[in-house]
Amino acid sequence: MFYRYTIIMLYYLRVWVAHASYHGTEALTYSHTEPLAPGIVVLVPLRKILVKAIVYEETVKPSFTARAIAEIKTVQPLPKYNLELLSWLMSYYPAPGGVIASLFIPSDLLKGTNSFQAIETADT
């Protein structure tokens, strides 16, 4: 009897969450089944909502269980100089990280959409 196993390799990515409810100053770690280039805009779960985020860098597996990236929103990454400016702004200004990161989300992703989506859970 043969068993077929599927091995799913997870990539761990640090992302800048681009939502006003995120007040942290550090990139958060999420997982995905494919490697993503820095600058790709994605949807990630933050508490009970899905919010836009910008992939910052690949990282090592964290000591905690990382939540999965829900959706890829762009194929073309943001330019490298935009990511460098975003990183500098995050370190220089004492503003919530989510507000600063939201300035770098392309405007066509903001048109006609809510800034967040509710996540359906079994307990709600």
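A salt bridge is taken here as a side-chain nitrogen of Lys or Arg within 4 Å of a carboxyl oxygen of Asp or Glu. The model is predicted, and local features need pLDDT of at least 70, side-chain atom pairs count only at pLDDT 80 or more, and totals for chains, interfaces and linings use all residues. Residues are numbered from 1 along each chain as its sequence is written, and side-chain values use heavy atoms, with hydrogens and water left out.

**Salt bridges**

Side chains of opposite charge can pair when their charged atoms come close.

| Pair | N to O distance |
|---|---|
| Arg-14 and Glu-57 | 2.4 Å |
| Lys-73 and Glu-71 | 3.6 Å |
| Lys-80 and Glu-84 | 4.0 Å |

Accessibility is classed as buried (under 20% relative accessible area), exposed (over 50%) or partly exposed (in between), with a 1.4 Å probe and protein chains only. Helices (H or I, at least four residues) and strands (E, at least two) are DSSP runs, numbered from the N terminus.

The salt bridge between Arg-14 and Glu-57 links distant parts of the chain, with Arg-14 in strand E1 and Glu-57 in strand E4, 43 residues apart. Arg-14 counts as buried because its relative accessibility is 19%, whereas Glu-57, at 29%, counts as partly exposed. In the pair formed by Lys-73 and Glu-71, Lys-73 is partly exposed at 31%, and Glu-71 is partly exposed at 37%.

Lys-80 and Glu-84 both belong to helix H1 and are 4 residues apart, about one turn of the helix. Lys-80 is exposed, at 64% relative accessibility; Glu-84 is partly exposed, at 47%.

**Helix H1**

Helix H1 covers residues 80-92 and contains Leu-85. The 13 residues of H1 reach 18 Å from first C-alpha to last, close to the expected 18 Å at 1.5 Å a residue (the expected span is 1.5 Å times one less than the number of residues).

Leu-83, Leu-86, Leu-89 and Met-90 are the buried residues of H1. They lie on the same side of H1, because they cover an arc of only 125 degrees around the axis; the arc is that of the directions from the helix axis to the C-beta atoms. These buried residues pack against strand E1 (11-17), strand E4 (49-59) and helix H2 (97-102), where contact means heavy atoms within 4.5 Å. On the face turned away from the buried side, H1 carries the exposed residues Lys-80, Tyr-81, Ser-91 and Tyr-92.
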